[in-house]
Amino acid sequence: MSGSGVKKVAEVAAKATKSIDWDGMAKLLVSGEARKEFANLRRSFDEVNHQLQTKFSQEPEPIDWEYYRKGIGSRLVDMYKQAYESIEIPKYVDTVTPEYKPKFDALLVELKEAEKQSLEESARLEKEIAVVQEMKQKISTMTADEYFERHPELKQKFDDEIRNDYWGY
């Protein structure tokens with residue numbers, strides 16, 4: 001990869017690192033296995049990013065051709081210089097990203113929908129937990145009328161059984 005291409009990749013990687021909310025994502029994980037896999041992903045990302053920032057972002061030092069001319073001779077050095085300068089490093093052409101970008105974008109849309117559904121379900125469950133905890137505290141002093149007030153479907157079921165003279169046997 002050419003020097004400017006490597007620098008550009010390193011700059012993009014640095015920007016990507018700043019925009020990733022690792023702590024926010026870690027808070028969303030529930031299981032220990034998910035946390036372990038997430039830690040592995042973060043460590044791998046950091047290793048690759050570190051390599052991009054250090055190893056590949058440095059420009060090679062320019063060759064001091066005069067120094068070698070003095071010690072070896074100009075004819076041999078000129079031959080090497082000409083060969084060195086004729087080396088053409090091909091530019092990387094990304095053919096993979098255009099192929100997978102639509103799939104990735106579709107997955108992002110699906111992810112956002114799943115996130116929305118998950119948040120709605122989480123809110124519903126939180127309300128249900130609050131109701132159950134409240135009932136747990138009040139159950140020892142609650143009357144049948146208060147219980148049936150919260151659960152009218154059970155009152156209706158019992159009333160239907162009494163009306164139909166069904167006593168469970």
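1. In this predicted model, Glu134 counts as partly exposed, with a relative accessibility of 31%, and Arg150, at 34% relative accessibility, is likewise partly exposed. The side chains of Glu134 and Arg150 meet in a salt bridge with an N to O distance of 2.7 Å. This pair links distant parts of the chain, since Glu134 belongs to helix α6 (residues 97-138) and Arg150 to helix α7 (residues 144-150), the two residues being 16 residues apart.

2. A salt bridge also joins the side chains of Glu47 and Arg43, where the N to O distance is 3.9 Å, a value that falls within the 4 Å cut-off used to assign such a contact. Glu47 and Arg43 are 4 residues apart in helix α3 (residues 32-54), so that about one helical turn separates them. Glu47 is partly exposed, with a relative accessible area of 47%, and Arg43 is also partly exposed, at 47% relative accessibility.

3. In helix α8 (residues 152-163), Arg163 and Asp160 lie 3 residues apart, which is about one turn of the helix, and they form a salt bridge whose closest N and O atoms are 2.8 Å apart. Arg163 counts as exposed at 58% relative accessibility, whereas Asp160, at 27%, counts as partly exposed.

4. The structure as a whole holds 11 salt bridges, among them the Glu134 and Arg150 pair, the Glu47 and Arg43 pair and the Arg163 and Asp160 pair.

Notes. Residues numbered from 1 in each chain as written. Predicted model: local features only at pLDDT ≥ 70, side-chain atom pairs only at ≥ 80, totals over all residues. Heavy atoms only, no water. Buried < 20%, exposed > 50% of the residue type's maximum accessible area, 1.4 Å probe, protein only.
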